Amino acid sequence: MKKVEKILDIIEDSLQYIYDTPVEVSLVNIHHSPVHTHSDSLELVMCLEGKVTIRCNHEEVVLNKNEIFTIEYNDLHCIYSACNNMTIILHIGYTNLGGLRPLYLSCEDASCKSYQKEMLMHVKGKVLALTYRILNSSISSQEINKSATDLLKIFEDNFNWLNGFETYQNKNIEIDKRMKTVFNYCVTNYKDKISASALARQLHINESYFSQFFRKSTYGGFNKMLGFIRCYHAQYLLLSSEMTITEIASTTGFSDEKYFYKYFNYWWKKTPGQFRRWYKDYSHQEDSIEILSGSSNQTRFEKHMAAFFAEILT
């Protein structure tokens with residue numbers, strides 16, 4: 001069978017954490033980042049000036065002033081902008097935090113629920129304050145570690161998208177644990193044939209409730225969730241391998257190529273071929289990330305921070 005051209009090598013971005021902490025932060029004017037992942041860190045992007053676009057897995061999100069977006073570990077992503085901007089890029093590594101690794105996070109303006117808005121503003125304030133103190137060397141490593149742990153705990157408690165429906169704040173803890181077990185099982189065994197009814201019986205969950213839960217979730221149904229997981233893994237093969245679409249569909253657990261097309265187009269809003277072509281075009285452009293340092297940029301940042309907290313207090 002004829003092989004296809006590999007689109008790109010996906011970069012594992014190398015991070016330079018502040019000594020004895022799990023945190024790296026930079027203030028940048030970003031126009032074109034490489035396509036990359038982080039195997040052991042959470043990335044937070046907060047735009048302070050101008051706007052930036054983030055393509056992360058199936059999402060394409062435009063951040064305007066004071067908007068934020070989280071990128072989980074291993075997520076395929078790139079960041080770009082046609083205009084000058086001031087953007088915070090904050091990484092929190094998991095290795096130095098005793099294994100604390102919250103999963104399935106969605107802390108972002110674009111999908112924020114009404115009951116999450118107050119906590120979202122709290123997160124933005126903590127990110128701004130932490131960035132300010134790090135850039136001014138006015139914070140100890142112990143304080144950085146505590147701030148990082150506090151942020152991850154906030155994400156886990158308030159921005160877990162696995163149960164992304166309006167009654168999440170009144171969730172049943174036991175059912176929540178079981179549904180995470182279902183999701184983790186699908187993530188681990190996505191290449192195999194998976195039956196919703198068999199999983200429900202295995203976990204002693206009423207099959208009707210099981211189906212209703214996933215219909216109300218972010219995914220809109222169990223099969224859509226499983227299709228998403230398989231497409232998530234397929235996207236890496238589409239870019240970094242010479243496999244055909246038929247081979248990728250089979251490798252990632254789809255029983256038929258048509259189901260791969262169906263779910264990839266549903267979630268990624270592109271066919272697998274269009275996805276490949278977009279990244280091929282993107283990878284041919286020159287990377288451009290300017291670190292914003294110096295007193296003038298420090299003053300700009302301080303003005304943004306002051307305006308943000310003044311707005312909260314009014």
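Buried denotes a relative accessible area under 20%, exposed over 50%, and partly exposed the range in between, computed with a 1.4 Å probe and protein chains only. By this scale Asp-109, at 27% relative accessibility, counts as partly exposed.

The model is predicted, so local features need pLDDT of at least 70 and side-chain atom pairs count only at pLDDT 80 or more, while totals for chains, interfaces and linings use all residues. Residues are numbered from 1 along each chain as its sequence is written, and side-chain values use heavy atoms, with hydrogens and water left out.

## Salt bridges

Side chains of opposite charge can pair when their charged atoms come close. The criterion applied here is a side-chain nitrogen of Lys or Arg within 4 Å of a carboxyl oxygen of Asp or Glu.

| Lys-6 | Asp-9 | 2.6 Å |

In the bridge between Lys-6 and Asp-9, Asp-9 is exposed because its relative accessible area is 56%, whereas Lys-6 is partly exposed at 33%.

Helices (H or I, at least four residues) and strands (E, at least two) are DSSP runs, numbered from the N terminus. Lys-124 counts as buried, because its relative accessibility is 4%.

Helix α1 also contributes Arg-133, which meets Glu-143 of helix α2 (residues 141–158), so this pair ties together parts that are ten residues apart in sequence. Arg-133 has 29% relative accessibility and therefore counts as partly exposed; Glu-143, at 34%, is likewise partly exposed.

A pair of aromatic rings is described by the distance of the centres and the angle of the planes. Rings of Phe, Tyr and Trp (its six-membered ring) are paired if their centres lie within 6.5 Å; planes under 30 degrees apart count as stacked, over 60 as edge-to-face and the rest as tilted. This rule gives 25 aromatic pairs. One of them joins Phe-228 and Trp-267 in an edge-to-face arrangement, with 5.2 Å centre to centre and 75° between the planes. The two residues stand 39 residues apart, Phe-228 in helix α6 and Trp-267 in helix α8, and the pair thus links distant parts of the chain. Phe-228 counts as buried because its relative accessibility is 9%, and Trp-267 counts as buried at 10%.

Phe-264 and Phe-275 have ring centres 5.3 Å apart and planes at 80°, so this pair is edge-to-face. Since Phe-264 lies in helix α8 and Phe-275 in helix α9, the contact ties together parts that are eleven residues apart in sequence. Both Phe-264 and Phe-275 are buried.

Helix α9 itself (residues 272–283) has twelve residues and reaches 17 Å from its first C-alpha to its last, close to the expected 16 Å. The expected span is 1.5 Å times one less than the number of residues in the helix. The buried residues of α9 are Pro-272, Gly-273, Phe-275, Arg-276, Tyr-279 and Tyr-282. Elements that cover them, with contact meaning heavy atoms within 4.5 Å, include the strands β2 (23–32), β5 (52–56) and β8 (77–80) and the helices α6 (222–240), α7 (245–251) and α8 (257–268).

## Positive phi angles

Lys-269 is situated in the loop between α8 and α9. Its phi is near 60°, a positive value in a residue other than glycine, and Lys-269 is exposed because its relative accessible area is 63%. Asn-66, also not a glycine, has a positive phi of about 65°. Asn-66 occupies the loop between β6 (59–63) and β7 (67–71) and counts as buried, because its relative accessibility is 12%.

## Nonpolar surface patch

Met-121, Phe-309, Ile-312 and Leu-313 form a nonpolar patch on the surface, together holding about 380 Å² of accessible area. Patches are made of residues with over 30% relative accessible area and no salt bridge, like charges being joined within 9 Å and nonpolar side chains (Val, Leu, Ile, Met, Phe, Trp, Tyr) within 5 Å. The areas come from the Shrake-Rupley method with a 1.4 Å probe, and for residues only the protein chains shown count as cover. Helix α10 (residues 295–313) supplies the largest share of the patch, three residues. Leu-313 is found in this helix, α10, and counts as exposed because its relative accessibility is 76%.
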